[in-house]
Amino acid sequence: MDILNALVAFLNFVFIPAAAYGAQLALGALGVTLVYGILRFSNFAHGDTMAFGTAVTILVTWGLQAIGISFGPLPTALLALPFGIAATAALVLLTDRAVYRFYRVKKAAPIILVMASVGVMFLMNGITRLLIGVDEQRFSDGTRFVMDVRTFKAMTGLKEGLALKTTQVLTVVVAMIVVWALFRFLNRTKSGKAMRAYSDNEDLALLSGIDPEKVVRMTWIIAASLATIAGVLYGLDKAFKPFNYFQILLPIFAAAIVGGLGNPLGAIAGGFVVAFSEVAVTYPWLKVARYLFPGWEPEGLLQLLGTEYKFAVSFVILIAVLLFKPTGLFRGKSV
Amino acid sequence: MSTNRQAAASNPWRAPILFAVLAVLFILEGTVRNSMFSGSWNTALAILNMGLISAITALGVNMQWGYAGLFNVGVVGFLALGGVAPVLISLEPVEGAWQAGGARILIALAVGVGTLALATQAWKRLKTGRGLAVLVILVVGFVVYRGLFDPAVDAIESNNPARHGNLGGLGLPVLLSWAVGGIFAAAAAWAVGKVALGLRSDYLAIATLGIGEIIVAVLKNEDWLARGVKNVTSIPRPVPYEIDLQQNPEFVEFATRWGFSAAEASGIWVKLCYMLLFLVVLLTIILLAELALKSPWGRMMRAIRDNETAAEAMGKDVTARHLQVFILGSAVIGIAGAMMITQDGLMAPVSYNPLRYTFLIWVMVIVGGSGNNWGAVLGAILIWFLWIKVEVWGPELIGLLTSPLPDGGLKEHLMDSSAHMRFIAMGLVLLLVLRFAPRGLVPEN
């Protein structure tokens, strides 16, 4: 039994990738959950909002690189991020003004807002394609690894190597800072408290003099920022392709629902639950098993499902949770 | 999920006039050749045929949404499932595939379904320790299932993998597969509905979105079923082949009499044959749907849709009715899926893109008029026509708009990207209709 090597293999192939992916999902799900909590509809355009923000960030990154600005060992995209956030916030505020406000004022059924978000999804998808095309873009620069396999092996003398990508560390660190800032804002500031009050009980919030339009504007700006950050981190970690951002909507929704729609804490928990189950179910455990039980050679790869089915996993978790807890683990709301 | 769509009086001439406009568009497409239209009957009929299939899909969605208020965003999955039927029904049997592992696959699938059924029963019946019991059943069932399934799949996929590597079909007439496609989709809808229909509006939407993605993922990856990404080609046709027509002297003479070349005429003839078949299916479904809608059943469905609580108080079993209409609508979508694969003669799982096969269908239903069958048909054909033509009109429009710009990178970039105009156009159409004609072009009456 070789527990150390097994542990390193587990960290390298399961824990680290899942933690980074979970952080990306959590940020995406936070945006979905905030929009659901305050505006009370599932925003199908969230994936394409992420794609738009990332596309703008990539364009600015290219601009910065062209004039010779870089961020040392960190990706230049971090410098471009504020521009991406600003552009995305402007775009979603514009769509709110042009599309959603009309239905909000009319108090239309929530499902109509969902449909309108499908229209916005088409529009944003088209705009992103116009901006940057449909091809895959890699825009990660700076140092690639915090720790690479060779250094790790030399340091520890273990047989199994461990690689830690800069983007993975960055993802987790940025996500932690963003979540900390968000919760501080929601719990400590007047605007944050107004948002929570509005989310809990709209009528009561209106009676106590909260300006609903201001709350809505704030929600959109925060959602746009979260979407852009999540999109850029995901793009840095993997690669940017507009269609992938549409597909990532499913695990993001799953994360938001598993945690309970409208509940920020739930969104974070949901993101990690979904990410860890996806990776654990689709990882071939043979390697780890060999270290733990040498001499015992199983026939298969000890892989529960092929990697192609990772989206399926998020959905199965979603159904399983909904069957037992219809509004998610952390008691979300339902309109 | 009350949607409160009160019917209002609308002009009875509205639908006929809109359909006439649509007809004029297709005649223009067939006869006029300029920067906007192709002037080819082959193109016009190709658009129309796919429009008719889309219309059938839209009818299915309309039954779920328009009659019952169920928001199904997994249309692509049911279409894809219907598309499996022509492969399994009409392809010639693959030599040796069934012997290799056909029976074992069926047994494995039975074990899988049996495990789920057993787990459900255990959950319902047992009082103490049911969580543990269900877990044990699931784990043991999964291990047995994989033990049977994996070797069977390997055996089938290694059977002549270059040409086949799948189970093959039964060699039955392809028209039969249209009905079977409906049955496949209905069966899936029953399973999905049992699990997901208890969920509330947004939760149901996201659940169906996930189911659609899963069905497509299965088709892409389970090669033994429909060859996965390797695609199934040469699915038999219910209509003559162009090449046979061109070699038939009688047909060539007939074509020249009408002033067409043999090649063009054969294409048109084949498409007309498909059109007739599609029209028969479409009109049958509309007839049945209209009869159902005007029956007590239809009135009950609309009562449930408009006020679920009141309907429930009057003793209607809302969940059972929802399940029923969900199955019916999905069956119609499945039929359309089978028809589409029959027309293409090709099953390509990769092409099942939710933007095109779920959300575009939704645009069709909303633009046409949800709750109205003729509206769904009109919306489907009109939106499909636009979807195809915007790809031509977009570059024309951008060319016109950018003509004052100097030649250079920006202009080139805009011209290159103009093909993506169709998404923007569809989004705009959907948003404008939702805002200014929320009940659609041909509203429910």
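Predicted model: local features only at pLDDT ≥ 70, side-chain atom pairs only at ≥ 80, totals over all residues.
Modeller: Local features here need pLDDT of at least 70 and side-chain atom pairs count only at pLDDT 80 or more, while totals for chains, interfaces and linings use all residues. Residues are numbered from 1 along each chain as written, chains are lettered from A and ligands numbered from 1 in written order, and side-chain values use heavy atoms, without hydrogens and water.

Colleague: Happy to start with the chains: what area is buried between chain B and chain A?

Modeller: The contact (heavy atoms within 4.5 Å) takes 51 residues from chain A and 47 residues from chain B. Buried area is the accessible area (1.4 Å probe) that two parts lose on being put together, summed over both. Carbon and sulfur atoms give 77% of it, and the total is about 4400 Å².

Colleague: Which residues in chain B lose the most area to chain A?

Modeller: Three residues together make up 17% of what the chain B side buries. They are Tyr203(B), Ile206(B) and Arg435(B).

Colleague: Which helix gives the largest share of the side of chain B that touches chain A?

Modeller: Helices are DSSP runs (H or I, at least four residues), numbered from the N terminus. Those giving two or more residues to this side include helix 5 (130–157), helix 7 (201–221) and helix 18 (421–436) of chain B. The largest share, 14 residues, comes from helix 7 of chain B.

Colleague: How many residue pairs are in polar contact between chain B and chain A?

Modeller: A salt bridge needs a side-chain nitrogen of Lys or Arg within 4 Å of a carboxyl oxygen of Asp or Glu, and the count between these chains is 0. A polar contact is a pair of N or O atoms within 3.5 Å; within protein, one must be able to donate a hydrogen and the other to accept it, and residues adjacent in sequence count only if both atoms are side-chain atoms. With both residues at pLDDT 80 or more, the number of pairs is 5.

Colleague: Now inside chain B: what area do domain 1 and domain 2 bury between them?

Modeller: An automatic or database assignment sets the domain bounds, giving domain 1 (2–92 + 168–436) and domain 2 (93–167) of chain B. Across this boundary, 14 residues of domain 1 are in contact with 15 residues of domain 2. Carbon and sulfur atoms carry 54% of the buried area, which is about 1000 Å².

Colleague: Which residues in domain 1 of chain B lose the most area to domain 2?

Modeller: Together they account for 63% of what the domain 1 side buries. The names are Gly168(B), Trp224(B) and Arg227(B).
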